[in-house]
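These are my notebook entries on a structure that I had not examined before. I set down what I looked up, entry by entry.

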Amino acid sequence: MPVRWLVDISAEDVPSVGGKGASLGELTQAGLPVPSAFVVTADTYRTFLEETGLDEELSDVLDVDVEDSAALADAAATAKELVLDADLPDEVAETVLAAYDDLGDAPFVAVRSSATAEDLPDASFAGQQETYLNVTREDLLDRVRRCWASLFTQRAIYYREEQGFEHDAVDIAVVVQRMVDAEKSGVMFTSHPSTGAPTTIIEAAWGLGEGVVSGSVSPDNYVLDRKSGDVTDVTVAEKKTLITRDEATGETVERDVPPERREERVLSEAELEELRKLGERVEDHYGTPQDVEWAIADGEVFMLQSRPITTIDDGADIAEETATDGESLVSGLGASPGIASGAARIVRGLDELDKVGQGDVIVTEMTTPDMVPAMKRASGIVTDEGGMTSHAAIVSRELGVPAVLGTGSATTVLTDDQPITIDGDRGTVEAGRAEPDEQREPVEEARPTTPVKPMTATEVKVNVSIPEAAERAAATGADGVGLLRTEHMILSTNQTPERYVEKHGADAYTDELVQGIRTVADEFYPRPVRVRTLDAPTDEFRQLEGGENEPHEHNPMLGYRGLRRSLEERELFELELAAFAELYEMGYDNVEVMFPLVTDGRDAEAARDALAEAGVDTEKRRWGVMVETPAAALCAEEFCEAGASFVSFGTNDLTQYTLAVDRNNELVADRFDELHPSVLALIEGVIETCREHDVDTSICGQAGSKPEMVDFLVERGVSSISANVDAVRDVQHEAKRVEQRLILDDIR
């Protein structure tokens, strides 16, 4: 049948109504308050394809090599155009519109995709298809067709190919649901999303829930004890904007929240209790903890969607872990593995670092390079902000210090001297102290447990951000250092380079670099250590002494940094290059020089000439450039002709510049994908060009630690892969597995 109503739908109907439709049907069957809705079934979509002849046309269009980014883009555009240009069969159109009329009062509706494969245990298609809000009868058929067309985005096509799904095996249903003109809305976890503990966590904001779900609005956070019903913690956020329906146009718009309501608490005690009870009913019905979207309009609570929580660590035994009292305080991103206990030390400025003693847990808004000495003393690190590529994450992993990042409120929820236990795997912070079974030894933890190193033709190196991590990095048995960042050596002085030279002199500046690089070169000798010249955006320098003279840029990541700044500020650059000349004179022939944010051959030649002018024999010593932009990738041949010994991929920047995605912007973070076809195509092209010119290639970005990227790079013939400290041995094994498979494929 073309449409089905929620009252007739259950969990067994996923093949007909998709995961979202089946979930809403289950909630309705359970008597929970769900806005009325009907589902345009997957059979209707299939009928549409067959009656319009699109099934065969789409099959031909989608028969492409998804690794060919241009071909993939063309296929996606053509498939979408075919679906949008085709007319719906009259019977389908009439049935859908008649069902809409049965909703009564010509309501605004939400039109949501509901793929039939959303809830498969070994693949997740959720979030790949479209949702449209505040749709009227006039636009309904068009929005249904657009939901269908969203099956054919580049991302969706590529994902199905990677997962081994035939394109015609994934159908799509469309939920048409009466809009709730929400005054307040949000998300509820019926149990703790990391531990599964009986704790209800509710996030709430003004207006429609899309602001909370997308991350564009900072919501209030409420924590409730499910057993007692008590509200154990309330964090009221500053809610600057809200998502609502424009009364004049009917469109979904973002509005400023009136100043007097921005820091007003969204939910009352009574509303929290009602949501908690509804959450209990939802979890009891499904028999598993749920992630529920909800809304409140005219004092009535509605359940809009429910899905299982997939982030709970099933292997965790909460009762065994908690020599703590088990109370969940805050949670965030598990960025550096391990469990650590200690007294919380709230650090709001550099002048408070002295209060961090051995074994304390640093709690701060975000770490900076000059916090490294304190980070070495700490047993763990907790931050309000930050992601997997932030300074805190990188340094914590290299030091072997457990870290939970991006909690949003740790510096306000936690207090000085409070005993806490953090879990850097699950991203949790709990009250109390859990005594470890044995004393942690970060260096020994980095040492492989199996003494035999996998022999690979592809070199596997390690990333090092700070000299203090050299011993631990060397213990991994890596083939060398693929990236040593000089900016951390300078920034840790808490002075801009100009101010440091002004106060201490040019020789002291050069010596600071020599000593830092030498520490790592000693630890790894004779294995190579690839050192990147200074690359820090102006906003990082501005935080240091002397930073008041830094230029103000709208987007520092796209501005005055890397080699472009070095070539402009030649005096400082010459002092930096003098450090390399001195190291070579001291006998450190394992040091290699790498220039960041190089755009084209002219940049590479200028860097090479500057290095030569500093007294370094560029024919004898190895130097290279980083490929961090599409422009650099397209100029690979120019780098080879300039005499570069190697080219190294900085995938963090290459990805964000290729996809126009700021990796530190939570609003678009879900679109940051180093394995995107366009990024891989650029990398592959550079490797091919460099192999033709006998120039080495490597990767030193975060993605080098991912098995999927390792597979791709080894198959394409990359010379070396540089991984995080905790991933070296895994990358070695993965590289060996791929190399052996390639050999077998060649001789079979």
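This is a predicted model: local features need pLDDT of at least 70, side-chain atom pairs count only at pLDDT 80 or more; totals for chains, interfaces and linings use all residues.

I looked up the strand order and found an open sheet of five strands, arranged β1-β2-β5-β3-β4 with antiparallel pairing. I noted that β1 (3-5) and β4 (131-135) are the edge strands; each has a single partner strand, so one side of each has no neighbour in the sheet. From one strand to the next, I recorded an average twist of 25 degrees.

I then turned to one pair within this sheet. Strands β2 (residues 37-40) and β5 (residues 172-178) run antiparallel and are joined by four bridges. In this pair, V40 has V174 of β5 opposite. I also looked for a helix against the sheet: α5 (residues 90-102) lies across β1, β2 and β3 (109-115), at about 20 degrees to β1.

I located D535 in the loop between β24 (529-532) and α19 (538-542).

I found S698 in strand β28 (residues 696-699). S698 is buried, at 3% relative accessible area. Which side chains make polar contacts with that of S698? I recorded R530 at 2.9 Å and S648 at 3.0 Å. Beyond four places in sequence, the residues touching S698 include V647, F649, V718 and S720.

Notes:
Residues are numbered from 1 along each chain as its sequence is written. Side-chain values use heavy atoms; hydrogens and water are left out. Helices (H or I, at least four residues) and strands (E, at least two) are DSSP runs, numbered from the N terminus. Buried means under 20% relative accessible area, exposed over 50%, partly exposed in between (1.4 Å probe, protein chains only). A polar contact is a pair of N or O atoms within 3.5 Å; within protein, one must be able to donate a hydrogen and the other to accept it, and residues adjacent in sequence count only if both atoms are side-chain atoms. Contact means heavy atoms within 4.5 Å. Two strands pair if DSSP finds at least two bridges between them. Axes are lines fitted to C-alpha atoms, for helices over the stretch in contact, and angles run from 0 to 180 degrees between N-to-C directions.
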